[in-house]
Amino acid sequence: MDTITHILRTIVPDGGTWLTWLIQAALAVGVVMLIANAISGVLAAIPVVGPTLATITKIIAGRYQQWLTDQVPKLAEQAVLTVEERYRTAEDIPPDQRAAQKMQEALAELDKLAPGLKRDTAKSALEAALARIRPHYEQKAALTPKPSGGRRGQ
């Protein structure tokens, strides 16, 4: 009995993962707008206030779906920042190898944050996040004083 429970715990993810999967499935299938259209059709049949309620329902559902769509880039940025912080002081690894390792770790981190996300979608989201974050890091690096080897003025 213990082994069955252990197997089920390893196979069945926790509640947060289920919620993430549910949100991703709703986005993929377009369930939010599908349900909103069905509800607004029913609401539109109500005399006087029905059309207004139907319009409000569609607007709220559209904004909710947009909010869900915006979460993947934010999660990608979070994954990139997490990996960047881990590798900030790692100068002993060659740059090409470090970039490949950072991308793999960022993909793994994004997979933890948004399980079930397609690998190519995750990779494009990470690349977009890198494009948004990289100028910030370059600007920050330019502002940090570098140790000089000689005296000033020479």
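User: Taking a salt bridge as a side-chain nitrogen of Lys or Arg within 4 Å of a carboxyl oxygen of Asp or Glu, how many salt bridges are there?

Analyst: By that rule the count is four salt bridges. This is a predicted model, where local features need pLDDT of at least 70 and side-chain atom pairs count only at pLDDT 80 or more, while totals for chains, interfaces and linings use all residues. Residues are numbered from 1 along each chain as its sequence is written, and side-chain values use heavy atoms, with hydrogens and water left out.

User: Let's start with Arg-86. What do the side chains of Arg-86 and Glu-105 form?

Analyst: They form a salt bridge, at 2.6 Å from N to O. Arg-86 is in helix H4 and Glu-105 in helix H5, so the pair ties together parts 19 residues apart in sequence. Helices here are DSSP runs of H or I with at least four residues, strands are runs of E with at least two, and both are numbered from the N terminus.

User: Which other salt bridge does Arg-86 make?

Analyst: Arg-86 also meets the side chain of Glu-109, at 3.3 Å from N to O. Here too distant parts of the chain are linked, with Glu-109 in helix H5 and Arg-86 in helix H4, 23 residues apart.

User: OK, over to Lys-102. Which residue does its side chain meet in a salt bridge?

Analyst: That would be Glu-84, at 3.1 Å from N to O. Glu-84 belongs to helix H4 and Lys-102 to helix H5, and they are 18 residues apart. Glu-84 is buried, since its relative accessible area is 18%.

User: What else does Lys-102 touch?

Analyst: Leaving out residues up to four places away in sequence, Lys-102 touches Val-83 and Tyr-87 along with Glu-84; contact means heavy atoms within 4.5 Å. Lys-102 sits in H5, residues 95-113, and its C-alpha is 8.2 Å from that of Val-80, 22 residues away along the chain.

User: New topic, the nonpolar core. Which residues touch the most other members of the largest one?

Analyst: They are Ala-76, Val-80, Met-103, Leu-107, Leu-110 and Leu-126, out of 19 residues in that core. H4, H5 and helix H6 (119-143) each supply at least two residues, and H4 gives the most, with seven. A nonpolar core is a set of buried Ala, Val, Leu, Ile, Met, Phe, Trp, Tyr and Cys residues joined through side-chain atoms within 4.5 Å.

User: Where is Ile-46?

Analyst: Ile-46 is in the loop between helix H3 (31-44) and helix H4 (50-87), and is partly exposed at 35%. Val-48 lies in the loop between H3 and H4 too, and counts as exposed at 78%.

User: What about the phi of Val-48?

Analyst: It is positive, about 70°, although Val-48 is not a glycine.

How values were computed
Buried means under 20% relative accessible area, exposed over 50%, partly exposed in between (1.4 Å probe, protein chains only).
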